[in-house]
Amino acid sequence: MPISPSGASPRAATRRMPKRRAQLAMTGAVSALGVSLFAAAPASAVNYVTTANGATWGVHDAAAPSLDTGSIRDITGNAFYGFGGIRVSVPGIQASDPTATHNGELMRGFGLEFDGVDSFDTTEAVTLGGIKVRRAVKLDKAGNYARFFDSFTNTTDRVITVEVAFGGTAGLNTTATSQGVTTSSQAKVAATGSGDKVIDPADAWVELASPPAGAADGSVGPSSRGPSAVVLGTPPPGANLFQTVGNFQRQPFTTQLASAGLEANFFGFKSTVTLVPGQTKSLLRFVVAGRAETGATSGQQITAVGQTAATLSTSPSLAGLTVGEICSLSNWTPASLPGYDAAACAAAKTPEVRAQRPATLATTISPYDVVGKSITEMADDMASGKTTSQQITRAYLDRIAAYDTGQFGFHSFITVAKDAMAQAKAADEKRAKGEGGDLLGIPMAIKDLYDTKDMPTTDGTLALDGWRPKTDAFQVARLRAAGAVILGKTNLSEFANSGSYSESGYGMVWNAFNPSKTSLGSSGGSAVATALSLAGASMGTQTGVSLFAPSTGASLVTLRGTDGISSGAGVMPLTYLQDFEGPIARTTSDVARILNVTTGTDPDDPATVAAKADEKRPADWKTSLDEDALKGKRIGYIEASFTGSPALGQDDGTMAAMKAKFADIQAAGATMVEMSGGLPAGPANIDFAGRSRTEEGWQAYWDRHPEGPFSTASGILSSAKNLPYNRRTLAPAPRLTKDDVGAIISSRDAAKARFKTWLDTNGVDAVVYPGFRSDVYDNDGAQTLSSDRNSGYPTSSHGVPTLVLPVGANPHGDPMSLQFVGRAFDDAKVLGIGYALEQHLKGEGRLTPATAPALAYDATATADPIVIDKPQEPETVPPVTELPEETRPNPTPAPTPVPPVPFSGVAPSPVVTPTIKVTFPTGAKLKGTRVKVVVKNTGTAPVVGTVVLRGTVTTKGKRSTKTFGSAKLSLATGQQRTASVTLNATGRKALAAKSTARVTASYVLTTAPAASSTTKTTLTLKR
């Protein structure tokens, strides 16, 4: 999408994701136990595969939200989550190579395609410093294990030794007591290939388990979460390349695994591979997963998992691998593999996988460098004639194209405004006529739950894809009126419901400072876009932590103001009368300039009317920016808030580093006061008798938009287009009554009053709380390792103002912040306190990420297009809710050893007894919008399920696979019928663009025996 300096722009940008492989893809098997649509799973990606022991594995593939790492989201009842990823380190990457910033990070962007059964394969190899990386993951359902095949090809003209770490999180550091038994979630070694309990290069495999509290190692049952094993290669003295275990979450190539605490769970099994130019070598590893044990089954799963790992270390499963792939293995001794034939290896070739074009350093056609620039600086530069809004906007657009898209993109934007340059030109024309203003010509990004009349508003869900409100949200309208350039809409957690991740149907946002880590949520896109200088500032929202957490993770400033100080009209809700909408920016001065525009009374927002916002806000927020604002102030703190919990990893030095900032507060003129009496209670719980604040918020939103695609919260939350783990089946709840609304407001007002009394009693002006209490953690785990929890800060629950201010880095380089909390409507006061500390720190509190350096200026270059395609929709459903302890199935005994596979690389076909047969009628064709499919139940029991059509479409040389439609099945034994599948909008649109498409029918059954399969028959559809 080249956007010219003159303002021409062909279209709005859409995210580009790896294309899906041709042929079919089918919905996976659904457990006969049923699927829970009520319990919200932790945020993460995915398609799911269920193994014989009843465990469901979630694999991060290219499906929404497209983490695309190939790592394991989680395994039912198991301690492994965010496990199986690879970090790769390539020496000698030049600074001119843009992949250098991802060296040593979690590899992603493989375009991993799920075959609908058990396998995930790369469709677009990742290139890191000239090393082309491909991976394939295959689940062995009968054996309860996964196989990870990673290949590395040297495309350079020099010999390179590549370091590879394989692993992730294998446990926590907490305990729980049930029926008198205290169990631990800590991962400990249960067994190793060499027979001891110490991991070293002599081990071909390692088993980990969570034993009872106090156990010396993991061999003692019951294992409270399923034991697991990692198979590393041929037993020594063979070719096993395993060297040592590093800390996977924190640079495993230089940091060894901790011996105790939370970081003792971050296993990174390190190997090295040396490649001559043009050479390909591969690493093959297995992960075996067991189920949780009970007192009655103590030790059974530990034994079964260990036996499977030992078997795989001597008889690895090679099914489906080609001769060339097997011959490329470096961590297995070729001669030890079944049927080894040196001549076959000499003649074999490793399959090539297409890689993206070689990375080149991007350029910008704007002469103005926006990196790290505040709104204040840019406004001054425009006023002085040093630059223009068009140059600033062009610079941001070029940076979005360079850093936000592609395999290593940060994915902070969902939509980029097609008229961004035209808006900038209009701002420049106003300035030329003598108009001014703090935000005139400043490009700002808007979280994609604020209404925008010129761009879709999605709330991060594909259920609202393309929905465009007719009017702007109140705050957006005010920003436009002030002359701000609305640059685009930022990514977020779907429905803004996660404070730990920002993952949506449009992709996953990655941390601005560390591309392996989470951006936190739900305003992650807004924070990352601002931190990376992809926008001048941004708008976000907070229900619980969603302004504070992503701002801290991005070293930015935000203010969660008092309830009612600004309007939420036209902003999609999460919790009625608790959500807050506000800015994320680089400095307190920037925040003040935005608040001047966005705060105040809105007749369409009753909270601002009740609060009398125009009277409570200052006439000019900038008047609170006093560098002496801390002089004479008394700043309270709670000691417990600054005392970390080792169980949560809060003994990593972050707490001490943050408390050391008290000296800076004192040096700026304040007195620190330890608070007494304890934090007063928050709002009282109210029984709404089945009525719902979530439902009320959404219905109030749809009342404002009668033309919208939904009318209730239950409708939108029940959409099949939502991420699988966010789908609910809900009946509409009754609306809140006037008394309910009054009770909510009164309860929150009472909490504010109690908080004021507490501050008055202690004689303090504000209370300071820590931001993060530990490192920020990786982006691919289902189990939340949230650094932003448990400080006890009262902001969202009480609705009081909180200024979040960056104060440097913790000992491991992650951003830190302090939170200053004041009395209701002391918003300007806490902003001033933050400004004073910011000035005392002389700007060193805010960090600048090195992951998106300034682009070289090239006036002769052509603007790179911004392509932001949506990820593929997941094809499978989440796992069933974990069964209560007493109803879990008995642990699966140790599997029969895997039979050797002939070295020819041709895998024997699995023996499958079909339950139904799906075919197309002879000469079948598309009739209208319907396709007929013949379905016959060839089994011995009635079946219920769904038949799905998937199609491959090639448009302008680009190939993609899409779901065209589906129909429900219900067949008695032996029954055959013709199902009529109506093409959905995707199918109709695809055929409108191309007259023919290859489609494949597949099915999934939801009745016992649960099954899924696909027909080999394909059909050419014609318009």
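Predicted model: local features only at pLDDT ≥ 70, side-chain atom pairs only at ≥ 80, totals over all residues.
## Disulfide

Cys345 has a relative accessible area of 17% and is therefore buried.

A disulfide joins Cys327 to Cys345, with an S to S distance of 2.1 Å. The bond has a value of -90 degrees about S-S, and the link of Cys327 and Cys345 is left-handed. Cys327 lies in helix H2 (residues 323–327) and Cys345 in helix H3 (residues 342–347), so the pair ties together parts that are 18 residues apart in sequence. The count for the model comes to 1 disulfide.

## Tyr396

Tyr396 is part of helix H5, which covers residues 389–403. Tyr396 counts as buried because its relative accessibility is 0%.

Leaving aside residues up to four places away in sequence, Tyr396 touches Val370, Met378, Pro443, Leu487, Ser533, Leu534, Ala535 and Gly536. The C-alpha atom of Tyr396 is separated by 9.1 Å from that of Thr364, a residue 32 residues apart from Tyr396 along the chain.

## Asp765

Asp765 sits in the loop between helix H17 (738–762) and strand E31 (766–770). With 18% relative accessibility, Asp765 counts as buried, since the class takes in values under 20%.

The side chains of Asp765 and Lys829 are joined by a polar contact of 2.9 Å. Apart from residues up to four places away in sequence, Asp765 touches Gly632, Lys633, Arg634, Leu759, Arg823 and Lys829.

Methods:
Residues numbered from 1 in each chain as written. Heavy atoms only, no water. Helix = DSSP H or I, 4+ residues; strand = E, 2+ residues; numbered from the N terminus. Buried < 20%, exposed > 50% of the residue type's maximum accessible area, 1.4 Å probe, protein only. Contact = heavy atoms within 4.5 Å. Polar contact = N/O pair within 3.5 Å; in protein donor to acceptor, adjacent residues only side chain to side chain. Disulfide = S-S within 2.5 Å.
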